[in-house]
Amino acid sequence: MLPLKRISLRSLTSYIDLIKSSKRAILGLGIICFYLILTILTSFIPYDATPDPECILAPPSWKHPLGTNEVGVDVLQSIIHAIPTSLKIGLFCALVIASIGTTVGIIAGYFGGVVDEILSAVTDIMMVLPPLPLMIVLAAILKPSMQNVIIVISLVTWPGTARLIRAQTISVKERPFIERIKIIGAGNLYILRKHILPNVTSVLFANMILTTAYAILSESVLSFFGLGDPTQLSLGTMLFYAFSTGALSAGAYWYIIPPGLAISICILGFTLLGNAMDEILNPRLREHGVV
Amino acid sequence: MSFMTLLKVSNLKVVYYTRKGIVKAVNDLNFEIKSSEVFGLAGESGCGKSTVALSILRILPPNARVLDGSIFFQGRNLLDVPEDEMRHIRWNKISLVFQGAMNAFNPVQTVGNQIIEAIMLHKKDIDKREAWHIAENLFTKVKLDPSFLRRYPHEFSGGMKQRAMIAMALACNPNLIIADEPTTGLDVIVQAEILRLLKDLKNEYDLSILIISHDIPMLATLCDRLAIMYAGELVEYADVRTLCTKPLHPYTRGLLRTLPTLDGDWQFTGEILKGEPPSLIDPPPGCTFHPRCPISKELCKRKKPLLTEIEPEHYVACHSVIE
Amino acid sequence: MEDTIVEVRNLKVWFPMKTGLFSKFYVHAVDGVSFAIQEGEIFSVVGESGSGKTTLGKAILGLVKPIKGQIYYRKQDIWSIPRNRVKILRRNMQMIFQDPFGSLNPKMNVFDTIVEPLRVHKLVSSQAEAQERVYQMLEQVGLSPPKDYAEKYPHELSGGQRQRVAIAAALILNPEFIVADEPTSMLDVSIGSQILNLMMDLKDKYNITYLFITHDLSLARMISNRIAVMYCGKIMEIGPASEVILNAQSPYTIALTAAVPRINSENRELPILLKSGLPNMASPPPGCRLHPRCPLARDVCRQKEPELIEVRKGHYVACHAVTEGWSFEPLYTQIKHRHRKSR
C-alpha cells in the first residue's frame, strides 16, 4: 500500500517557507540540488567507458582532473556517472521503506491489541539486530542485483519508520474527530485511508530524507564489499574496484578519496536537510494545520 | 482595612511581535490595587489579562515589549528597577500562582523538594531544615497534610496541586499574590474550597490578591473590586456589588446577561453578544467594542472613550454612558 | 404522549486496567444507570470530573461496549442490530464534542468536512447537489456567506466557527438525537452563548432531541427539561430541571448547588457541605458512593446501595436519608441563609 501523498500547491509553498528559515536546511538542500543537477547532466554526457591502456592509474592532470582508474577511464567522469545510480537506489529504498513502515505502523497503531503486539514484537526484534551485518548476510544469500540491493536495505531499515508511524497513529487515533467519523458510520478502512493516513504522513517527510541518506550509505557499503550489482556503476562499486585492484598500495589517492568524498557529501546533504526539517516540523505539527 | 494603594498601573501599553504582525495586547491600562483587597481582572480569552500579570512581574516572553506606562509598587516603578532588585521583589513581595499551575510541578521530584528549592532561592540564609519547617507550616496553612511534602505530583489531585501552588506563593510572605485562573478546571466543590482558602489567607496574612479569570461569578464571590477587560483595554471597573447589580458598559451588560444562573426561571433569550472578539493585530478604530455594540454611534467609530468616573469609585469607558 | 427515543437499562461500562500480571482491575465508569429520554426533550447529565458522564454519552452512541445492560434506540437494542443496519441507525444519532479544534480533521477543509457524512452514506450523487446541501447547512449554522468559509481549514477559523462547522457536520444527516458533550466549555462565554442559541434554534427547526453532558449546573438548569445528576458512575438524582435544582433532595445535589458561585447573592460565603474527597472509579466505595463524604452517612449507607425512588412526580432520588426520612440538619450546619421549599 503506497502512501499516496497529496502534495497540493498550498503545502508545497509552506514547506519551502520552512526550509528557507534554517541555514542547515538551505545548505542540505543546496547539496542535494547540486547532485541532482549532475544527474540531469549525465543524460546529456554519455559515459565513455573506453579503456585507455596508456593512462592506467594515472595521477590527476589537465586531461584527467581526478586521474584515471585501473583501466584508464577518467575518474571524474566515473564519479559523475556513478552518482545517479547511488541516488536512484537511495530514493527507491526510501520509498519502499516508507511504504512498508507506514503500512505496518498504521495497522499496529490503529488496531492495537494482538495485532499491535505481534507487529511491535517483530519491529522491536528487527531494530535490535545489527543492521549492517544483517544486510551483508542477506545480500550474500541473494544474487547480486540492483533489485536485491534495494530489497535487502529496505527489509532491514523499515522498522524505524514503522515505530515512528505507529506512535503518530496512536496520537491521531485518540483525537475527537476520529470518534466523530466513527459515529457518522464510516468503516475502519475508510478511516485509515482518509483520516489517519493524511495526518500521519506529515512526519514521513523528514523521515524519508533521512532514510534516503541511510540507504545511500548502506548501498555504498554493500557495493564496497562486492555485494552490489556489478553491472551498475555506483560510488560504492567504484571503491570496491579501487581496493580490489590495489589502488591503496599503489598510492592512487585520486581513485579512493574522491568517490568516498562524493558519498559523504551526498549523505551529508540529505542528513542536514532531514535533521533540519525534523526539528522545524515537529513543534509546528500542532500549530499549523497544513504541515 | 486600610485603603493605601499597593500597586498602581498607569498607561500600560504592551505589544507582542509575532510573525503575523504586532499584537497590541494591552492598550493604555489604568488601575490600582489597594492593600488588603482582592481585585479581580475579568475578561474573555485573548483580552490581555494574563499579559498584565506577566508585565507586573516582568516575566514577559522575549517577543513582548512594554511600550509605555508605569507600574508603581511601594514607591518604585517596577518597569524601571534593575533586574536584581526585581528578582528580590519577585516572590518576596509579589508572587504568582499562574495558569495551568496544576501542571507546573516537575513530575520526577517530590513536591516538598520543589517548594524548598523555591524557598531557599528567595531567602538566602536558610538551610534545608529551616526551609522544610517553613514548608510544613505552609502546607498546614493551606490545609494539606504536611506528610504529603514527601509525595510526588501525580499523587496530588487537581485541587491539592492548586493548594500546593498557593503554599509556594505564600512562602516568602508577599504583599501581593497574583492568581491567574486559579480555579479553572477544578470541580465546583473543590473550587469553593480553594476560594474559601484564598479568603482566609488574605485575612490572616493581610495581603492583596489580584485574581485574573474569565469566570465572573467566581470573581463576584471573592473580589472586593472587579475590572472588565476587552481587547486589551479596561472598559469598566467598580466595587463588585455595584458592577454586578448596575453594570453600565454595554459589554459588561451583555456579558452578565449571558451568564446562566441557578435561581429563577430562565428562558433562552436571543443572541445577546453578536460577533467575535477583534483581532489585536488590527483592532477596530475608536472604541474596540463598537462593531459588536448594540448602542454604538458615529462617535464610537472615530474616538476612543476614556475611562471616566461616572459615580464614586465606578469607572466606565463608553461614550454613551459618559455623556 | 411523547415517545421514548432513547432508553438505558442497568448500563454498566467498565474499562479494564492492567495493573499486575495476574490481577485485573476495572474502572467503573458507568456502574448501573437507567433512564429514558423522551422525544423532543433536552435531557442533561450533570456531573463533575470522574462521574462517568462522558462515558455514558459515548456508550449511548455505541462508541464503547457496555459490560452489562442495554441501550435502546426507539425500542431497538443497539447492540443487537445486524451489522448492515447499524450504518442506517448512525444517521439518526450524532455527537457534538467539547474540543472544537479536535473534532475537525486538520487536513480537510470546511466543505469536505461537512459533505463527508453525505458521501459516507452515499446520499448525494453529484457535486452540484453536494454543494447545495453544504452551502445550505453553512447558512443554517450562521457561517454566511458560505463560499467564504467552504475553502477554509480549521486552523484558519476561530473556536466558535469551528464549533459551528462541527454542528453542521453533525446535522447534515438530519439526525433525531444528538449527544452534546460540553459543547461550550472550551469557548468564551459570549461565543458559547451564541452556540447554545444556535443549538436551540436548530432544535426547534429540526425537532432534535438533545442529551447534554455538562459540569455546569447553571447551564443545565437554563436549557434542560430534565436533569440527571451523576456521581462516581451512578445517578444520584433525576427529575425536571427546576425541581432538581431548586428543590434538590440528594445531599450531593444540595452540596453542588450550594457551592456554585452566584453573581447577585447576598451571601458571598460558599458553603462546603461535603467532606473533601474524590470519586474513586477504580475501587468505588461499597454501598452509597457518596458515603465517605456525606455528613448524613449511617451504617446502612456503607452497606447497601440506595435505589432511585420517586419522591415527587417525575423526581427520583437515590439516598437512604431521603427515603428513610432522616434529618438533614448535619448537612445544613454551614448554610446560614437559604430558601428551601419544604419536602
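**Figure 1. Confidence of chain A in the predicted model.** Chain A has an average pLDDT of 84, and 91% of the residues score at least 70; pLDDT is the predictor's confidence in each residue, from 0 to 100. This is a predicted model, in which local features need pLDDT of at least 70 and side-chain atom pairs count only at pLDDT 80 or more, while totals for chains, interfaces and linings use all residues. Residues are numbered from 1 along each chain as its sequence is written, with chains lettered from A and ligands numbered from 1 in the order in which they are written. Two residues are in contact if their C-beta atoms, placed from the backbone, lie within 7 Å. Residues 285-291 of chain A are also below 50, with 14 contacts beyond near neighbours in sequence.

Figure 2. Chain A contains 12 helices and 0 strands. Helices (H or I, at least four residues) and strands (E, at least two) are DSSP runs, numbered from the N terminus. A box of roughly 80 × 45 × 25 Å, taken along the principal axes, is filled by the C-alpha atoms of chain A. Of the 291 residues in chain A, 41% are buried; a residue is buried if 20 or more other C-beta atoms, placed from the backbone, lie within 10 Å of its own, exposed if 12 or fewer, and partly exposed in between. Among contacts in chain A between residues at least 6 apart in sequence, those that join residues at least 24 apart make up 71%.

**Figure 3. The open sheet of chain B.** Four strands of chain B form an open sheet in the order E2-E1-E4-E5, with antiparallel pairing; two strands pair if DSSP finds at least two bridges between them. Strand E2 (21-34) and strand E5 (76-77) of chain B are at the edges and have a single partner strand each, so one side of each lacks a neighbour in the sheet. Between strand E1 (residues 5-18) and strand E4 (residues 64-73) of chain B there are 8 bridges in the antiparallel sense. Lys13(B) has Asp68(B), in E4(B), as its bridge partner. Helix H1 (residues 49-57) of chain B packs on the sheet and touches E1, E2 and E4 of chain B, its direction making about 70° with that of E2(B). Axes are lines fitted to C-alpha atoms, for helices over the stretch in contact, and angles run from 0 to 180 degrees between N-to-C directions.

**Figure 4. The contact between chain B and chain C.** Chain B contributes 34 residues and chain C 36 residues. On the chain B side, helix H6 (188-205), helix H7 (216-222), helix H8 (240-245) and helix H9 (250-258) each supply at least two residues. H6(B) gives the largest share of this side, 6 residues. By class, the side of chain B that touches chain C has 18 nonpolar, 9 polar and 7 charged residues. Ala, Val, Leu, Ile, Met, Phe, Trp, Tyr, Cys and Pro count as nonpolar, Asp, Glu, Lys and Arg as charged, and the others, Gly among them, as polar.

**Figure 5. The contact between chain A and chain C.** The contact takes 15 residues from chain A and 21 residues from chain C. Helix H7 (176-184) and helix H8 (188-200) of chain A each supply at least two residues of the chain A side, and H7(A) provides the largest share, 7 residues.
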